[in-house]
Amino acid sequence: MPNKDWYQRRLRDPFFLKAHRENFRSRAAYKLQEILEKYRLIKTGYSVLDLGAAPGSWTQVALEATGVTPTRQDSSAAPPGKERGRGLVIGIDLLEIEELPGAHLLKGDIRDKAMQAAIVNLAPRGFHCILSDMAPNTTGIHHADTSNSVDLIHLALDMCPTWLRPGGSFVAKLFEGAEYKELHTRAGRLFEFVKSFKPKASLSKSREIYLVCQNYRSEDKK
């Protein structure tokens, strides 16, 4: 459970306070917002898959970007299956995610075949964009944490042939380490554009960066 120092640090964090004012579930929303503003990955009507979605702030951003829900303050937003636009947003996590009007939320592991089938059933034509904010349980051992982080991204990339449309985009958080070069090389075979990016909302002391990929080739060009 967070201690007093944790709360004091948060009260000095402008992104934490802004998230509270703007009804985002976490400050991570501003990381994705900055990425989308810079790279224009999601448009109205797009289909988006959010991996590691809990507590739901990236899903909130995706809902607005796709036009499924106009604003977080709009209490009249349509339920899943009756979205205002043509956009589709699916969020999945091992943890329970509190309901978000307009989003399809799943609890489970993406390595589970039944869960993979459920995602395909909801989006049989695939996704325009896959987001991954998945993170491993940290050990405090740098190499182990960076390796586990990159493994999660490889797992998500493994699913791109099933889930991502040709020309689609991919964003994933990772802890930068020695494994990053190999990951970047693999992503470069799969996508025409690959860039690492650190949003302003990322803590300065954090080693997290975001892998931004565009124009999926639909096959691994070895």
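1. Let's start with a cysteine. The sulfur of Cys 213 sits 8.2 Å from the closest cysteine sulfur, the one in Cys 160, so that gap is too far for a bond. A disulfide here means a pair of cysteine sulfur atoms within 2.5 Å, and by that rule the count is 0 disulfides. Keep in mind that this is a predicted model, where local features need pLDDT of at least 70, side-chain atom pairs count only at pLDDT 80 or more, and totals for chains, interfaces and linings use all residues. Residues are numbered from 1 along each chain as its sequence is written, and side-chain values use heavy atoms, with hydrogens and water left out.

2. Are these cysteines buried or exposed? Cys 213 has a relative accessible area of 0%, so it counts as buried. Cys 129 is also at 0% relative accessibility and is buried too. The cut-offs: buried is under 20% relative accessible area, exposed is over 50%, and partly exposed is in between (1.4 Å probe, protein chains only).

3. Now the whole chain. It has 8 helices and 7 strands; these are DSSP runs, numbered from the N terminus, with helices being H or I of at least four residues and strands being E of at least two. Of its 222 residues, 49% are buried. The chain exposes about 11700 Å², and carbon and sulfur atoms supply 50% of that (Shrake-Rupley method, 1.4 Å probe; for residues, only the protein chains shown count as cover). Take the contacts (heavy atoms within 4.5 Å) with a separation of 6 or more: 65% of them join residues 24 or more positions apart.

4. Have a look at helix α4. Since 8 of its 10 residues are buried, α4 is largely enclosed by the rest of the structure. Among the buried ones are Trp 58, Val 61 and Leu 63. Just after α4 comes Gly 67, which takes a positive phi of about 85°.

5. Gln 60 lies in α4, which covers residues 57-66, and at 6% relative accessibility Gln 60 is buried. What does the side chain of Gln 60 reach? It gets to the backbone oxygen of Asn 23, at 3.0 Å.

6. On to the aromatic rings. Rings of Phe, Tyr and Trp (its six-membered ring) pair if their centres lie within 6.5 Å; planes under 30 degrees apart are stacked, over 60 edge-to-face, and the rest tilted. That rule gives 6 aromatic pairs. Take Tyr 39 and Phe 197: the ring centres are 5.8 Å apart and the planes are at 90°, so this pair is edge-to-face. The two partners are 158 residues apart, with Tyr 39 in helix α3 (residues 29-39) and Phe 197 in strand β6 (residues 191-197).

7. Staying with those rings, Tyr 39 is buried at 11% relative accessibility, and Phe 197 is buried at 14%. Ring pairs also bring in Phe 193, linking it with Tyr 39 and Phe 197 into a cluster. Lys 38 lies over the face of Tyr 39, 5.7 Å from the ring centre (the rule asks for NZ of Lys or CZ of Arg within 6 Å of the ring centre and within 35 degrees of the ring normal).

8. Last, a glycine. Gly 168 belongs to strand β5 (residues 164-175) and is buried, at 4% relative accessibility. Not counting residues up to four places away in sequence, Gly 168 touches His 128, Phe 191, Gln 214, Asn 215 and Tyr 216.

Definitions and conventions. Polar contact = N/O pair within 3.5 Å; in protein donor to acceptor, adjacent residues only side chain to side chain.
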